[in-house]
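This report looks at one protein chain, part by part. Please view the sequence and the model before reading on.

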Amino acid sequence: MSSVVTEVAALLKRRCSAGKRKPRFFKRRVKLKAKRRSKKAVGVKGEEGLIPLVKKYWVQRYDLFLRYDEGIKMDEEGWFSVTPEQIAVRHAARCGGGVVIDAFAGVGGNAIQFATMCHHVIAIDIDPRKVALAFENAKVYGVEERIDFIVGDFFQLAPSLKGNVVFLSPPWGGPAYMANETFTLDLLKPKNGYSLFQVAQSITPNVIMYLPRNVDLQQVEELSWLSSPPMKVEIEENMLHGRLKSITAYFGDIAF
């Protein structure tokens, strides 16, 4: 484990031993109903030529983007990294307006929903191809004018960013993340979850983290101890089609 993670662990230990009151912690399960398209709309057109890994997610395309047939564009990684639309809607509804910084925007699933409900969005991704796809997808939903698309490294841009909420959906390492019985925060890319959270917290205390369903919840809760006094944290289990899909953690004023 990196020295940064070790230092954070030591900090948490000192704060716990100092007798500080534990932050308020909420956990809830949210059952989301994905909207269904008609049988005519969900035919196999467009499936030809897809690699097996992508085919698995292609059948879920209307969960990812309800308006997929209207011109949504994806790259290979986007198929297994984009947030399902109904979960992204939930994230946006919790922000309460203002300016949202999407630190790892990918093909734009979350940025689109933030733009629908919030004042403005700053969508960042280090991959110019993904930023181009996100822009095209935002046009499908008619919200491209409410999003600033930036090709860049969130960690380098952070000191100059201002916003009301930072949304973090960093790479989980692809579908192989489920090979771990418990997904620890040091497995997040491009930096461990502790470092990532501290950078986001330097912008605003209001942070949303979108995480794998097998994430170590104790580690997620411990992130709230990185501020003084410890902040509120709320953890949601996102259920889609009756199955646990992912975990969302809300920190700061946006936590209930």
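Which residues of helix 9 are buried? They are G193, Y194, S195, L196, F197, A200 and Q201, where buried means under 20% relative accessible area with a 1.4 Å probe and protein chains only. Because seven of the nine residues of helix 9 (residues 193-201) are buried, this helix is largely enclosed by the rest of the structure. At the start of helix 9, a side-chain oxygen of N192 comes to within 3.0 Å of the backbone nitrogen of Y194.

The model is predicted, so local features need pLDDT of at least 70 and side-chain atom pairs count only at pLDDT 80 or more, while totals for chains, interfaces and linings use all residues. Residues are numbered from 1 along each chain as its sequence is written, and side-chain values use heavy atoms, with hydrogens and water left out.

The protein chain has ten helices and eight strands; these are DSSP runs, with helices (H or I) of at least four residues and strands (E) of at least two, numbered from the N terminus. Of its 256 residues, 51% count as buried.

The largest nonpolar core has 72 residues. Such a core is a set of buried Ala, Val, Leu, Ile, Met, Phe, Trp, Tyr and Cys residues joined through side-chain atoms within 4.5 Å. F65, F154, L168, M209 and F251 have the most contacts inside this core, and strand 6 (residues 207-211) gives the most to it, with five residues.

C95 lies in helix 5 (residues 85-95) and is buried, with a relative accessible area of 7%. Although C95 and V165 are 70 residues apart in sequence, they are 6.8 Å apart in space, C-alpha to C-alpha. The table gives the contacts (heavy atoms within 4.5 Å) of two residues, leaving aside residues up to four places away in sequence.

| Residue | In contact with |
|---|---|
| F65 | I72, M74, V82, E85, V107, G109, I112, N137, Y141 |
| C95 | V100, F114, C118, V165, I208, I254 |

The largest pocket has a volume of about 1,000 Å³. On a 1 Å grid over the protein atoms alone, a pocket is an open set of points where a 1.4 Å probe fits, with protein on both sides within 12 Å along at least five of seven lines, and lining residues have an atom within 4 Å of a point. Grid points are joined across faces, edges and corners, and the volume is the space filled by probe spheres set on the points. This pocket is lined by 48 residues, of which W79, F80, S81, V82 and W172 lie nearest its centre. Helix 4 gives the most to the lining, with four residues.

Terms used: Buried < 20%, exposed > 50% of the residue type's maximum accessible area, 1.4 Å probe, protein only. Polar contact = N/O pair within 3.5 Å; in protein donor to acceptor, adjacent residues only side chain to side chain.
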